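Let's take a friendly walk through a protein chain together. Have the sequence and the 3D view ready, and follow along as we go.

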Amino acid sequence: MLLRMSTLFLRTLREDPADAEVPSHRLLVRAGYVRRVAPGIYSWLPLGKIVLENVARIVREEMDRMGAQEVLFPALLPREYYEKTGRWTEYGDTLFRLKDRKKADYLLGPTHEELFTDMVKGEYSSYKDYPVTLYQIQTKYRDEARPRAGILRGREFVMKDSYSFDLDDDGLKRSYEQHRDAYIKIFDRLGMNYKIVFAMSGAMGGSASEEFLAPTPTGEDTFVHCRDCGYAANAEAFVTPAPPAYTGERAAQQVLDTPDTPTIETLVDFVNANHGLGITAADTLKNLVVKVTTPGSDTAETLIIGIPGDREVDFKRLEAALAPGEPAIFEADDFARHPGLVRGYIGPQILADLGIRYLVDPRVVSGTEWVTGANEPGKHAAHVVAGRDFTPDGTIEAAEVRAGDPCPVCGQPLIIDRGIEIGHIFQLGRKYADAAELDALGPDGKPIRITMGSYGVGVSRAVAVIAEQRHDELGLVWPREVAPADVHVVGTGKENQIEVATRIAEELEAAGLRVLLDDRSSASPGVKFKDSELLGIPTVLIVGRGLSQGLAELRDRVGGAREEIPLAEAASRVLAAVQAESA
RNA sequence: CGGGAUGUAGCGCAGUUUGGCAGCGCGCUUCGUUCGGGACGAAGAGGCCGGAGGUUCAAAUCCUCUCAUCCCGACCA
């Protein structure tokens, strides 16, 4: 491959585009890789297209290597497939919907579980056919409420999704592990910095699930990890370690007058000042009322959640814990319907009598004592002991996770970071197989319900994440396998530099390298250097002022090293540099 | 959906307060010079000032409505 910049469809920008904030967006636009068409929708210019294809190629190679087979489904899908699994309604506004000329409903696929399941059902019917894993690399469409950060989070994006079909749970585990291994290879080859974290499978159903997160400050997922034992989980999947139960004696419950103390802060100050209690917010138990609706049901359950007063509720964690139920905040008119619940002064002592389910933070173990509401306006109770004065119906992960919280595995303080999801693997189970009645006929003549795994890689997102992780103040710095070329040959000067540069570029191309050649006659050296740095091809060879002394300059865009080398050796030195890295 | 900001040439922006010829930089075209850090000179091309309505002798500028985009939040494989 030899790309000549004299004719390449490329225009770099000297200034940052006004609508770009994050580095990947800024640089991909400035370097002429992508252009915005509409919010969250981008076009890929020639160099960007090459990078995108390189990522897709790496993904494809590793998927093929693990034995998955590639198919391609349409992006435009009829409603009926999504009707069967209930997702036509469940997906809500995020689904791009459209009608054909006959007014029939269609959608642009946000993901393709239904199609994969249906395809397998149509072709395979014997247990002898299984297991099988299929994948596709397809453009997906999601009408996100707020697309942002350029390519990082668009409404149209390229994703690899694969699905494994197994006869039993052991088979599913094997398929899952194979994907895990393949993903490690993929993200390593992509030159990414990433972490594998425990995740919730959420509303999709299923059990084991892990996310591949690329830590970046612009990330939108919060995750915790432990430097000592390697435990890592996203915030939704973090499991709070419970302290040991307390079995000693506790003082008797005591009701306190606490006028005008609807918040934890006012309560703590008041009881310390007026009742001589030296407590902190962590000694209080705050009780949050939510109503939980289950999809397909009209009635909402009233649920109370008790968490230590020094912590906020993390709504994402709460939702994940209640999925597929959907929590909503208790409003004033909800309180009006429950006269037993005194807003701001709710305590768990009476909940069993009211018949309201009560779930607590895992830190609220038997024998712990709390300052909490006394279920009367202006009154709280102290020495309220779990297991004695109230008995929770269970625990729930609803409290925020904080840096320094103990690791659930080894107890060391946890670190909190932000990351972007670049891959997700999970054991789906039988949700979609059930919906499609996907069975294999077993050796005993009885049907076996298939169990599935679902695995995704954000291909276009990966391009942005690499840009996010690999750039400097001058521009992009692509890993070699992803870069639009192996080497950027730059000819500067008014003598015959460009001719010589062209000759060397052709020689390198003949040797099998992918070459970008700056043979523009009008651009000044400064422009060519700036463009070279912006574009971020890992190896740069400059044929310029040194030509008269028979010298060229070899630059390493990654490490920044520069070296004058004899022109005669230029091609072989470039080859050596490229091969050293590929090895 | 809530909060904030912005819409003026391909890109980045000034001009709006206080109404009076549509501007600057980059890019683009032509000629000449220059050629290792986004060169210089000269001459050019390029605009429905987001849209609609209103006020006024006169509107990019003031008023009303509207559309769009970006950022933060909510939401999100």
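Find Arg555 and look at its charged end: in this predicted model, that end sits over the ring of Phe529, 4.7 Å from the ring's centre.

How many aromatic pairs does the count come to? The count comes to 11 aromatic pairs. One of them joins Tyr124 and Tyr130 in an edge-to-face arrangement, with 5.7 Å from centre to centre and 85° between the planes. Tyr124 is partly exposed, at 28% relative accessibility, whereas Tyr130 is buried, at 8%. Elsewhere, Tyr183, Phe187, Tyr194 and Phe212 come together as one aromatic cluster.

Phe187 turns up again in the next topic, the nonpolar core. The largest core has 60 residues, and Phe187 is among those with the most contacts inside it, along with Leu28, Tyr33, Leu190 and Trp478.

Leaving aside neighbours within four places in sequence, Tyr33 is in contact with a list of residues including Leu28, Trp44, Leu47, Val51, Trp478 and Leu535. Ser43, Gly48 and Pro484 are also among the contacts of Tyr33.

Now step back to the domains.

| Domain | Residues |
|---|---|
| domain 1 | 16–238 + 416–468 |
| domain 2 | 254–395 |
| domain 3 | 487–582 |

The C-alpha centres of domain 2 and domain 3 lie 68 Å apart.

Finally, let's look at cysteines. A disulfide is a covalent bond between the sulfur atoms of two cysteines. How many disulfides does the structure hold? The structure holds zero disulfides. Take Cys226, which is in no disulfide: the nearest cysteine sulfur belongs to Cys410, 3.5 Å away. What about Cys407? The closest cysteine sulfur to that of Cys407 is in Cys229, at 3.5 Å, which is too far for a bond, because a disulfide needs sulfur atoms within 2.5 Å.

Are Cys226 and Cys407 buried or exposed? Cys226 counts as buried, at 4% relative accessibility, and Cys407 is buried too, with a relative accessible area of 2%.

Terms used. Residues numbered from 1 in each chain as written. Chains lettered and ligands numbered in written order. Predicted model: local features only at pLDDT ≥ 70, side-chain atom pairs only at ≥ 80, totals over all residues. Heavy atoms only, no water. Core = buried A, V, L, I, M, F, W, Y, C linked by side-chain atoms within 4.5 Å. Buried < 20%, exposed > 50% of the residue type's maximum accessible area, 1.4 Å probe, protein only. Contact = heavy atoms within 4.5 Å. Domains from an automatic or database assignment. Phe/Tyr/Trp six-rings, centres within 6.5 Å; stacked < 30°, edge-to-face > 60°. Lys NZ or Arg CZ within 6 Å of the ring centre and 35° of its normal.
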